[in-house]
Amino acid sequence: MRLGDAISLTIDGTKFAIPKDTEPMISEGGEVITETQTYGDGSADAYVSIELAKITGLKVKLNDLNRDIFKEKRGKTDIPFVLQCVTGTFEITGCIVGDTGYSATKAVTDEFEVHCTDGTGIRRS
């Protein structure tokens with residue numbers, strides 16, 4: 001199995017470098033058992049929910065050229081994201097979820113998530 005670092009995140013055509021210590025997590029979504037109800041006789045029922053596909057644990061480097069673009073894209077939905085890693089590429093159409101600040105000294109964002117908004121999930125190549 002080939003393993004390796006995250007390289008970049010392209011947001012709607014603009015490429016952002018990813019800090020070396022970043023470890024994005026891929027959640028493919030779909031039907032997931034989210035809880036169980038247990039009974040006194042030792043049996044249980046499983047409850048299934050539909051979870052969104054998402055990529056969590058993302059951070060990007062900001063600079064004078066891309067800072068305003070990142071700020072603009074935080075408020076948009078249904079935009080393309082391409083996560084490039086040594087092991088392959090992950091594509092998702094979605095949005096950045098939550099408030100994302102950045103370091104005043106390193107110009108690196110907080111960790112953020114991208115959630116799928118078009119129902120197609122994550123495509124890997």
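**View A. Asp99 in this predicted model is exposed.** The relative accessibility of Asp99 is 73%. Asp99 sits in the loop between strand 8 and strand 9. Gly75 is 24 residues away from Asp99 in sequence, and the two C-alpha atoms are 9.9 Å apart.

**View B. Thr10 is a buried residue of strand 1.** Its relative accessible area is 18%, and the cut-off for buried is under 20%. Apart from neighbours within four places in sequence, Thr10 is in contact with Lys15, Pro80, Phe81 and Val82.

**View C. The largest nonpolar core contains 22 residues.** The members that touch the most others are Leu9, Ile11, Val60, Phe70, Phe81, Leu83 and Phe112. At least two core residues come from each of strand 1 (6–11), strand 6 (54–58), strand 7 (79–85), strand 8 (88–97) and strand 9 (112–116). Strand 7 gives the most, with four residues. In soluble globular proteins, nonpolar side chains tend to be buried together.

**View D. Val60 is shown with its contacts from elsewhere in the sequence.** With neighbours within four places in sequence left out, Val60 is in contact with Leu9, Phe16, Ala17, Ile18, Pro19, Phe70, Ala107, Val108, Thr109 and Phe112. Among these contacts, Leu9, Phe70 and Phe112 are listed, like Val60, with the core residues that touch the most other members.

**View E. Ring pairs link Phe16, Phe70 and Phe112 into a cluster.** The model has two aromatic pairs. Phe16 and Phe70 pair edge-to-face, at 5.9 Å centre to centre and with 70 degrees between the planes. Phe16 belongs to strand 2 (residues 14–17) and Phe70 to helix 1 (residues 67–73), so this pair ties together parts that are 54 residues apart in sequence. Phe16 is buried at 0% relative accessible area, and Phe70 is buried at 3% relative accessibility. Phe70 also pairs edge-to-face with Phe112, at 5.5 Å centre to centre and with 65 degrees between the planes. This second pair links helix 1, which holds Phe70, to strand 9, which holds Phe112, across 42 residues. Both Phe70 and Phe112 are buried.

**View F. Cys95 and Cys116 are in no disulfide.** The count of disulfides in the model is zero.

Methods:
Residues numbered from 1 in each chain as written. Predicted model: local features only at pLDDT ≥ 70, side-chain atom pairs only at ≥ 80, totals over all residues. Heavy atoms only, no water. Disulfide = S-S within 2.5 Å. Core = buried A, V, L, I, M, F, W, Y, C linked by side-chain atoms within 4.5 Å. Buried < 20%, exposed > 50% of the residue type's maximum accessible area, 1.4 Å probe, protein only. Contact = heavy atoms within 4.5 Å. Phe/Tyr/Trp six-rings, centres within 6.5 Å; stacked < 30°, edge-to-face > 60°.
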